[in-house]
Amino acid sequence: RAGSALSAAVVAAAQGQLAAMGDAAAEAHDLVDVLSRLSEPPGRADVLALGAHNFSAIASQYPLMLVAFSVRWCARCLDLSQQLQRASIFLQMRQPAVPVAFAWVDMDVPSNAKWLGSLGVSSFPVGKLYQYGVLSGTYLRGPSALEIAQDLMQRAEQVADENGVQGSREETLKQRL
């Protein structure tokens with residue numbers, strides 16, 4: 001507790017000092033924000049944590065999966081993580097034509113290094129789309145949760161049509177009427 005309180009006090013003091021520094025403080029503030037989050041757990045309840053040890057087994061279960069390859073200390077990666085969590089919640093409410101999963105891979109985990117190389121992932125953040133565990137492309141949409149969710153709703157319809165899945169969203173709506 002004492003260490004946590006001290007860390008909070010250091011972060012608060014740094015933020016207070018940065019506020020007085022003007023425009024240059026914006027970048028430094030991002031750094032303080034990232035540093036304050038380094039010790040926090042990912043907290044992505046609706047986003048699966050994947051790595052070399054479980055990727056194939058989990059990804060092969062989903063007709064559509066967006067995987068974010070990122071690191072914990074990157075401000076853009078942290079923002080993307082929050083957007084993925086929001087998009088996941090949005091999609092749960094919208095009920096896409098096929099199950100859509102969101103996942104992230106921590107590129108800083110040493111046991112993932114060789115595996116990431118075999119996937120051709122060397123920069124961050126980067127998103128990749130998978131269909132039943134097979135790479136279907138690099139994800140270039142976003143960055144907001146709404147944009148991600150809307151795009152994946154459309155992609156889920158396409159996957160449902162390609163695979164002849166009964167009960168696509170349009171069919172479900174017709175049945176309700």
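The structure discussed here is a predicted model, in which local features need pLDDT of at least 70 and side-chain atom pairs count only at pLDDT 80 or more, while totals for chains, interfaces and linings use all residues. Residues are numbered from 1 along each chain as its sequence is written, and side-chain values use heavy atoms, with hydrogens and water left out.

The chain contains seven helices and five strands; helices (H or I, at least four residues) and strands (E, at least two) are DSSP runs, numbered from the N terminus. Read from the N terminus on, the order of elements is α-α-β-α-β-α-β-α-β-β-α-α. Of the 177 residues in the chain, 34% count as buried, where buried means under 20% relative accessible area, exposed over 50%, and partly exposed in between (1.4 Å probe, protein chains only). The accessible surface of the chain is about 10500 Å², and carbon and sulfur atoms account for 55% of that surface. These areas come from the Shrake-Rupley method with a 1.4 Å probe. Among contacts (heavy atoms within 4.5 Å) between residues at least 6 apart in sequence, 72% join residues at least 24 apart.

The packing of two helices comes next. Helix H4 (residues 75–94) and helix H6 (residues 145–162) pack at an angle of about 50 degrees, and their axes are 8 Å apart. The axes are lines fitted to C-alpha atoms, for helices over the stretch in contact, and angles run from 0 to 180 degrees between N-to-C directions. H4 and H6 are therefore oblique to each other. On the H4 side, the contact is made by Leu-80, Gln-83, Leu-84, Arg-86, Ala-87, Phe-90, Leu-91 and Arg-94, and on the H6 side by Ala-145, Leu-146, Ile-148, Ala-149, Leu-152 and Met-153. By class, the residues of this contact comprise 11 nonpolar, one polar and two charged. In this classification, Ala, Val, Leu, Ile, Met, Phe, Trp, Tyr, Cys and Pro count as nonpolar, Asp, Glu, Lys and Arg as charged, and the others, Gly among them, as polar.

Gln-83 belongs to helix H4 and, at 12% relative accessibility, counts as buried. Apart from neighbours within four places in sequence, Gln-83 is in contact with Pro-143, Ser-144, Ala-145 and Ile-148.

Gln-95 lies in the loop between H4 and strand E3 (100–106), and its phi is near 55 degrees, a positive value in a residue other than glycine. Pro-125 is placed in the loop between H5 and strand E4 (126–131), and the peptide bond from Phe-124 to Pro-125 is cis, with omega near -15 degrees. Tyr-132, in the loop between E4 and strand E5 (134–139), has phi near 50 degrees, also positive in a residue other than glycine. At 41% relative accessibility, Tyr-132 counts as partly exposed.

Leu-119 is found in helix H5 (residues 113–119). With a relative accessible area of 29%, Leu-119 is partly exposed. Beyond its neighbours within four places in sequence, Leu-119 is in contact with Phe-69 and Tyr-130. Leu-119 and Leu-135 are 16 residues apart in sequence, and their C-alpha atoms are 9.3 Å apart in space.

Notes. Parallel < 35°, antiparallel > 145°, perpendicular 65-115°, else oblique.
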